[in-house]
Amino acid sequence: MKIITIPKVLREKLGEDGVDALIELLNASNEKLKIDLIELQTEKYERRLTEEISKLRVEFNEKISKTYANIIKWMFIFWVGQISVMTLIFFTFLKFIR
């Protein structure tokens, strides 16, 4: 944002060179403030994004581990059932052979 007018009283006290220097100083300060504000908001956004990504990773890992545990449980149930059925068939077969 450029400064367009300087009050007449201030212009008379500072002179044209002083007013020009003041305008340059204020404009430079304003630009520095804009840059600092953009950097601050960028850092804040990056920090927030990092936090959200880490939360998603934790949730994802929890869901994967629960799914993995559930799969292992059902595999165990399946194999115990298979072994039971195979054992029953084996003993029934041995009974008929004798």
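How many salt bridges does the count come to? The count comes to five. To see where some of them sit, start with the whole chain. Keep in mind that this is a predicted model.

The protein chain has one helix and zero strands. Helix 1 covers residues 8–97. Now look at the outline. The C-alpha atoms of the protein chain fill a box of roughly 125 × 15 × 15 Å, taken along the principal axes.

What share of the 98 residues counts as buried? The figure is 4%. A residue counts as buried when its relative accessible area is under 20%. The accessible surface of the protein chain comes to about 9,400 Å². Of that surface, 69% belongs to carbon and sulfur atoms.

Take Leu33 and Glu46. They are 13 residues apart along the chain, and their C-alpha atoms are separated by 20 Å. Ala69 and Thr87 are 18 residues apart along the chain, with 27 Å between their C-alpha atoms. Glu62 and Leu22 are 40 residues apart in sequence and 60 Å apart in space, C-alpha to C-alpha. Thr42 and Leu88 are 46 residues apart in sequence, and their C-alpha atoms lie 68 Å apart.

Leu33 lies in helix 1. Is Leu33 buried or exposed? Leu33 is exposed, because its relative accessible area is 56% and the cut-off for exposed is over 50%. Thr42 is also found in helix 1. Its relative accessible area is 35%, so Thr42 is partly exposed. Glu62 has its place in helix 1 and is partly exposed at 43%. Ala69 lies in helix 1 too. With a relative accessible area of 46%, Ala69 is partly exposed.

Now turn to charge. The protein chain has 16 positive and 14 negative side chains. The centres of the two sets lie 19 Å apart. Glu16 is partly exposed, with a relative accessible area of 48%. Arg11 is partly exposed as well, at 28%.

Move on to Asp36 and Lys32. Their side chains form a salt bridge at 2.9 Å, N to O. How many residues apart are Asp36 and Lys32 in helix 1? They are four residues apart, about one turn of the helix. Asp36 has a relative accessible area of 31% and is partly exposed. Lys32 is partly exposed at 48%.

The next pair is Glu52 and Lys55. Their side chains meet in a salt bridge of 3.7 Å, N to O. Where do the two stand along the helix? They are separated by about one helical turn, because they are three residues apart in helix 1. Glu52 counts as partly exposed at 30% relative accessibility. Lys55 counts as partly exposed at 45%. There is a further partner here: salt bridges that share partners join Arg48, Glu52 and Lys55 into one network.

The last stop is a nonpolar one. Which residues form a nonpolar patch on the surface? They are Ile71, Met75, Phe78, Trp79 and Ile83. Together they have about 550 Å² of accessible area. Pick out Met75. This residue is found in helix 1. Met75 has a relative accessible area of 44%, so it is partly exposed.

The protein chain has one helix and zero strands, and 4% of its residues count as buried.

Note on methods: Residues numbered from 1 in each chain as written. Predicted model: local features only at pLDDT ≥ 70, side-chain atom pairs only at ≥ 80, totals over all residues. Heavy atoms only, no water. Patch = residues over 30% accessible without salt bridge, like charges linked within 9 Å, V, L, I, M, F, W, Y side chains within 5 Å. Areas by Shrake-Rupley, 256 points an atom, 1.4 Å probe, with all protein chains shown as cover. Salt bridge = Lys/Arg side-chain N within 4 Å of Asp/Glu carboxyl O. Buried < 20%, exposed > 50% of the residue type's maximum accessible area, 1.4 Å probe, protein only. Lys, Arg positive; Asp, Glu negative; His and termini not counted. Charge placed at Lys NZ, Arg CZ, Asp CG, Glu CD.
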